[in-house]
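Okay, thanks for coming, everyone.

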Amino acid sequence: MNTEVEVNPYELLDIKVESTEQEIRTAYRKRSLKVHPDRNPNNANSARKFHELNQAYELLLDPLRRLALDAKLRLKQARAERFKSYDNKRKNMVEELEAREREFKKRKQEQEKEELRRWHETEEIKDQGRKLREEKERELREREEKKRKAVEEAQEDDVAAPFLGSMDTTVRLKYSLKSHPKLTTAEAIAKVLAPFGQTDDDSIVLSLKSSKKAAHKPPKFGTALVPFKQIGDAFAAVCASGRPERGLDNIEIDWVGGKEPPILIWLKKMGKLGAPSPPVSSVQTPHSVKEERAEVLQAQPTKDSSSFSTFPASFPDILSHSNSKVSEASGVDYESLTLMRLRQAERERLEREIREQEAED
């Protein structure tokens, strides 16, 4: 409450400057009962008067604020007494100076408000500009990222297929002579692998060595390096490693060096050889598994793959015109690539059936 402009708190409570704290409380109770809004519901100014009364009451009960008020009132009274002794000319001059001072303060306050308003507007414009700039930068980054990915994909598509190496069609066999006592010659090994394709019988390397601890005893294991004529045939043999139904019980077949040839890795990377096996549904019934197996068994084998497992007749055509370019660049013919795709699909199907059987158990 501004005591210089508003009503004097002492006048509002109708008490003297020398009144005690008890006299202030008593005067407040009397005045509050008269101006309380609940007792004057039809008076629109009752709430304002009651608020001013509370402010005056709180000010006078605060010793420090009351001392400051008393000092201002004494100064105001002394000024009023001095003003009475002035003549009309001096009074006019004082009033004019005071009016100018009030006008100056008013203009200053308005100027400060205007500067504050402009500052807020400037900050708002800056904030909007920053948001627009960030949005543009984000869109630019997204476009650049899309361009970069497109360039990378184009580069991957343009990567030339690796050439077929001299050892890429060679597989390594490891077997137990106790389970396969007849596999002691290159001809016997070639006969076992004949269902998968033609092998270079003259280049088969066979090793029948005894263990170092018992060199005088007959050998227990055999190891052989068998080169195939086609990489697709070698791939089929590796896929059938250890499968009794293919006559490879207790016979481990792997690539020479323990890793796939670069051409197979490239074909898988480019999505031209097989696809990730789909997850097995936990709610699939045994009946649906049997139906799928029946479809596989009823399918007709092709002429080129008569020595391999059969595939559904509805198996899609998985090669396109682009595969012919791959075959020419890598040295893998169209037929071999087709057979590798089919064998990869058969391998994934068998893995899926094994997972389904495990889920049933």
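D14 comes out at 65% relative accessibility, and the cut-off for exposed is over 50%, so D14 counts as exposed. Keep in mind that we're looking at a predicted model here. D14 sits in the loop between α1, residues 9–13, and α2. Its phi is near 60°, a positive value, and this is a residue other than glycine.

There's another residue like that, N250. Its phi is also near 60°, again positive and again not a glycine. You'll find N250 in the loop between α7 and β4. Its relative accessibility is 44%, so N250 counts as partly exposed.

Okay, a quick overview. The protein has 11 helices and four strands. Of its 361 residues, 28% count as buried. If you take the contacts with a separation of 6 or more, 66% of them come from residues 24 or more positions apart.

Helix α2 covers residues 21–35 and α3 covers 46–61; they pack at an angle of about 175°, and their axes are 10 Å apart. That angle is over 145, so the two count as roughly antiparallel. On the α2 side the contact includes I24, Y28 and V35, and on the α3 side F50, L53 and Y57 are among the residues involved. Sorted by type, the residues of this contact are eight nonpolar, three polar and four charged.

On to the sheet. What is the order of the strands? It's β2-β3-β1-β4, an open sheet of four strands with antiparallel pairing. That leaves β2 and β4 as the edge strands, each pairing on one side only. On average, neighbouring strands are turned by 15° against each other, ignoring direction.

Let's look at the pairs around β1. Strand β1, residues 170–176, pairs with β3, residues 221–227, in the antiparallel sense over seven bridges. Within that pair, R172 has L225 as its bridge partner in β3. Strands β1 and β4 also run antiparallel, joined by five bridges. There, K174 stands opposite E252 of β4.

The buried residues in α6 are A186, A188, I189, A190 and L193. Then there's α7, residues 231–239, which is mostly covered: nine of its nine residues are buried. Those include D233 as well as F235, V238 and C239.

Last stop, T199, in the loop between α6 and β2. Is T199 buried or exposed? At 11% relative accessibility it counts as buried, since the cut-off is under 20%. The T199 side chain makes a polar contact with the side chain of D201, at 2.7 Å. Setting aside neighbours within four places in sequence, T199 is in contact with A190, L193, I204, V226, P227, F228 and K229.

Key. Residues are numbered from 1 along each chain as its sequence is written. This is a predicted model: local features need pLDDT of at least 70, side-chain atom pairs count only at pLDDT 80 or more; totals for chains, interfaces and linings use all residues. Side-chain values use heavy atoms; hydrogens and water are left out. Buried means under 20% relative accessible area, exposed over 50%, partly exposed in between (1.4 Å probe, protein chains only). A polar contact is a pair of N or O atoms within 3.5 Å; within protein, one must be able to donate a hydrogen and the other to accept it, and residues adjacent in sequence count only if both atoms are side-chain atoms. Contact means heavy atoms within 4.5 Å. Two strands pair if DSSP finds at least two bridges between them. Axes are lines fitted to C-alpha atoms, for helices over the stretch in contact, and angles run from 0 to 180 degrees between N-to-C directions. Angles under 35 degrees count as roughly parallel, over 145 as roughly antiparallel, 65 to 115 as roughly perpendicular and the rest as oblique. Ala, Val, Leu, Ile, Met, Phe, Trp, Tyr, Cys and Pro count as nonpolar, Asp, Glu, Lys and Arg as charged, and the others, Gly among them, as polar.
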